[in-house]
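Hello,

Here is the structure for your files. My notes on what was found in it follow below.

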Amino acid sequence: MKLKKCKEKGTKYFTKLILSFSVINLFSCLPSDDFDTTPQVNFDVLWQILDEHYCYFGYKNIDWDNIYQQYSPRISAGMSEEALFDVLGKMLAELKDGHVNLISPFNLARYWKWYEDYPDNFDEKIQRNYLEDDYLLASSIKYKVLDDNIGYMYYGSFSNTIGTGNLDRIITKFSVCRGIIIDVRNNSGGQLTNVEILASRFLNEKTLVGYSRYKTGKGHNDFSNPKEKYIEPADRIRFQKPVVVLTNRQCYSATNEFVNAMKQFPNVTIMGDMTGGGGGLPFSSEIPNGWGVRFSACPNYDPEMNDIEFGIEPDIYVNMEEEDMKKGMDTIIEEARNLISNQ
């Protein structure tokens, strides 16, 4: 079957497009009443969804037509669901994108190489040496004033809602400190509203933090003009002293956005390893057999229009050293404390 015919065949399975402008924008293509769910049809439809809506073909220099030619011969009429899932998952892995998933009742296809081949640069057991047993907990944020009068807070997931009252108490607690360490290592993302709520406590004027674009057509390069993204200062208590944000490769998606935003503030230093990326806003859809597919659909950029899909560089690179770890010390936390102390 030629590629053109496959694309035409896939089109008839979608009769309605629903767009939901929630925190994580979601769209689903609903199949018509007259459709079949053969392996070839599911393959064609999945390929076409990505062909028309995925946003990083050009940036990643991916020849999606060539990917079709590579994987289509692996599809056969009598193949099992598990075999089909394996082929579809491997095709999606060619995008090298942690926001791309195929979801079935029996498995989740995922791409985790964006962090698997890098140093961990985080150890929860060593972190306990700093938090000990008397740390405070507010809106899932662990926080404590360290013995050198530096505030330390750990936020493990932007999926956990941050209350404004909780942030008031945390910042009030840290108001006597020389500076704050915000640790978001191993935070793989969550809701963008929490990014803005937290970041707004560390600036004094409306600040441009980047741009976003969205698809305007089916072509790989059909995008809107860049739209500015700003963070405005909170109208509640804010922190004015030095802030150090700790990062590693498992900072992804919404955490990537948070690090990018904080990097634009004058009193903030990003320290640790490069973030994992995940700069595209994920959308979701469905193929005829009911399996879900998730993928990057709207690219995001920093204020200089650099794409942030592959991560944010720290201002200061620091890795956890083996010798420090043997002593129960976190090299990145220690370097952050030294930086704040010297400021």
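How many helices and strands are there in the protein? There are 12 helices and 16 strands, taken as DSSP runs numbered from the N terminus (helices H or I, at least four residues; strands E, at least two).

This is a predicted model, where local features need pLDDT of at least 70 and side-chain atom pairs count only at pLDDT 80 or more, while totals for chains, interfaces and linings use all residues. Residues are numbered from 1 along each chain as its sequence is written, and side-chain values use heavy atoms, with hydrogens and water left out.

Of the 343 residues in the protein, 53% are buried (under 20% relative accessible area, 1.4 Å probe, protein chains only). Among contacts (heavy atoms within 4.5 Å) with a separation of 6 or more, 73% are between residues 24 or more positions apart.

Helix α9 (residues 192–199) packs against helix α10 (residues 254–262) at an angle of about 25 degrees, and their axes are 9 Å apart; axes are lines fitted to C-alpha atoms over the stretch in contact, and angles run from 0 to 180 degrees between N-to-C directions. That makes α9 roughly parallel to α10 (angles under 35 degrees). On the α9 side the contact is made by Leu192, Val195, Leu198 and Ala199, and on the α10 side by Ala254, Glu257, Phe258 and Met262.

As for burial, 9 of the 9 residues of α10 are buried, so α10 is largely enclosed by the rest of the structure. Those buried residues run from Ala254 to Met262, including Thr255, Asn256 and Asn260.

Regards

Conventions
Parallel < 35°, antiparallel > 145°, perpendicular 65-115°, else oblique. Buried < 20%, exposed > 50% of the residue type's maximum accessible area, 1.4 Å probe, protein only.
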